[in-house]
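Thanks for coming, everyone. Let me put the structure up, and then we'll walk through it.

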Amino acid sequence: MTRTAAVVTGHSRGLGAAIAAELLARDVRVLGISRGANSDLAQRHGSALTELTLDLADAPALTRWLGGHALADFLGASELALLINNAGLLHPLAPLSKQQHSDVTRAIAVNVGAALALSAAFVAATNDVADRRILHISSGAGRKAYPGWSVYCASKAALDHHARAVALDRTERLRISAVAPGVIDTYMQDVIRASDVQDVPDQPRFTAMWREGKLQRPNDVAHALVDFVVSDGFGSEPVSELRRAPA
């Protein structure tokens with residue numbers, strides 16, 4: 001897969017780090033975009049990993065970067081170009097009466113605004129690429145409402161519907177899918193377990209899953225996601241669950 005290039009947001013930790021590592025292990029060049037660098041991946045993979053330190057909640061900074069040529073320069077020579085919109089914020093994790101408007105604005109900027117802006121820029125930057133694919137990391141929370149999760153639920157539902165509408169556009173040589181990967185043992189689960197049960201009534205269920213060892217490992221999920229995004233079946237359904245993804 002040496003002629004494959006991938007952009008991965010939120011690559012500094014958690015699922016994003018695992019996805020980037022999986023791609024790099026398959027000889028895919030990766031551009032990682034996060035607020036911080038991933039020194040472990042950089043040490044292990046050298047020039048195969050390009051890192052951009054950028055706060056995706058900073059819309060003006062993202063707009064300035066997308067207005068340059070860096071994305072086209074990174075992706076333009078590839079035969080298969082991937083955009084994996086993984087970065088996401090869970091906060092505010094509370095009922096509407098306790099949400100801070102600044103937290104709401106930041107979450108929507110990262111979870112929705114940045115993902116949609118990057119998607120548009122990705123398509124513009126890959127006009128000459130034979131095969132280009134966008135993978136939105138969605139969530140079951142975008143398809144089932146949870147009390148206390150209103151902002152996160154809404155943001156993931158937005159990604160699902162974006163994928164549905166883009167699929168209807170039938171853009172040449174573009175495939176897209178919003179995929180719910182399941183419950184993963186990442187920092188987000190740490191946040192949920194530390195939350196107040198009065199704000200997040202489902203907290204005990206997620207805590208029980210952790211205690212019972214039922215959370216998926218990020219590396220296992222990353223392996224399955226990368227298998228899926230490069231498969232022939234990717235994009236046949238604009239919205240799917242990883243466990244039911246077409247091969």
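First, a term: buried means under 20% relative accessible area, exposed means over 50%, and partly exposed is in between, with a 1.4 Å probe and protein chains only. By that rule alanine 61, at 13% relative accessibility, counts as buried.

Now the ground rules. This is a predicted model: local features need pLDDT of at least 70, side-chain atom pairs count only at pLDDT 80 or more, and totals for chains, interfaces and linings use all residues. Residues are numbered from 1 along each chain as its sequence is written, and side-chain values use heavy atoms, with hydrogens and water left out.

Let's take the whole chain. How many helices and strands does the protein chain have? There are 9 helices and 7 strands. Helices (H or I, at least four residues) and strands (E, at least two) are DSSP runs, numbered from the N terminus. The radius of gyration is 17 Å, close to the 18 Å that the globule rule gives for 247 residues, so the chain is as compact as a globular protein of that length. That radius is taken over C-alpha atoms, and the rule is 2.2 Å times the number of residues to the power 0.38. Along its principal axes, the C-alpha trace spans about 50 × 40 × 35 Å.

What share of the 247 residues is buried? It is 50%. The chain exposes about 11500 Å², and carbon and sulfur atoms supply 52% of that. Those areas come from the Shrake-Rupley method with a 1.4 Å probe; for residues, only the protein chains shown count as cover.

On to contacts, meaning heavy atoms within 4.5 Å. Take those between residues at least 6 apart in sequence: 69% join residues at least 24 apart.

Back to alanine 61. This residue is in helix α3, residues 59-66. Aspartate 73 is 12 residues away along the chain, and the two C-alpha atoms are separated by 19 Å.

Compare that with leucine 159, in helix α6, residues 150-169. Leucine 159 and asparagine 85 are 74 residues apart in sequence, with their C-alpha atoms 9.5 Å apart in space. Is leucine 159 buried or exposed? Buried, with a relative accessible area of 2%. Leave aside neighbours within four places in sequence, and leucine 159 contacts Asn111, Ala115, Leu116, His136, Ile137 and Ala178.

Next, arginine 133. Look for strand β5, residues 131-137. Arginine 133 is buried, at a relative accessible area of 3%. What does its side chain reach at 2.8 Å? The backbone oxygen of serine 231. That is a polar contact: a pair of N or O atoms within 3.5 Å, where within protein one must be able to donate a hydrogen and the other to accept it, and residues adjacent in sequence count only if both atoms are side-chain atoms. Not counting residues up to four places away in sequence, arginine 133 touches a list of residues including Leu80, Phe122, Arg175, Val230 and Phe234.

Serine 78 sits in a loop, between α4 (70-75) and β4 (80-85). Serine 78 is buried too, with a relative accessible area of 5%. A polar atom of its side chain lies 2.6 Å from the backbone oxygen of leucine 75. Beyond four places in sequence, serine 78 touches Arg3, Thr4, Ala5 and Val129.

Now the backbone geometry. Most residues other than glycine have a negative phi, and most peptide bonds are trans. Which peptide bond here is cis, with omega near 5°? The one from histidine 91 to proline 92. Proline 92 lies in the loop between β4 and α5 (101-125).

Two residues have positive phi. Aspartate 27 has phi near 65°, and arginine 173 also has phi near 65°. Where are they? Aspartate 27 is in the loop between α1 (14-25) and β2 (29-34). Arginine 173 is in the loop between α6 and β6 (174-180). Aspartate 27 counts as exposed, at 51% relative accessibility. Arginine 173 is partly exposed, with a relative accessible area of 31%.

Last stop: tryptophan 210, in helix α8, residues 203-211. Tryptophan 210 counts as partly exposed, at 41% relative accessibility. Setting aside residues up to four places away in sequence, tryptophan 210 touches Asp185, Arg193 and Leu215. Aspartate 190 is 20 residues away in sequence and 9.5 Å away in space, C-alpha to C-alpha.
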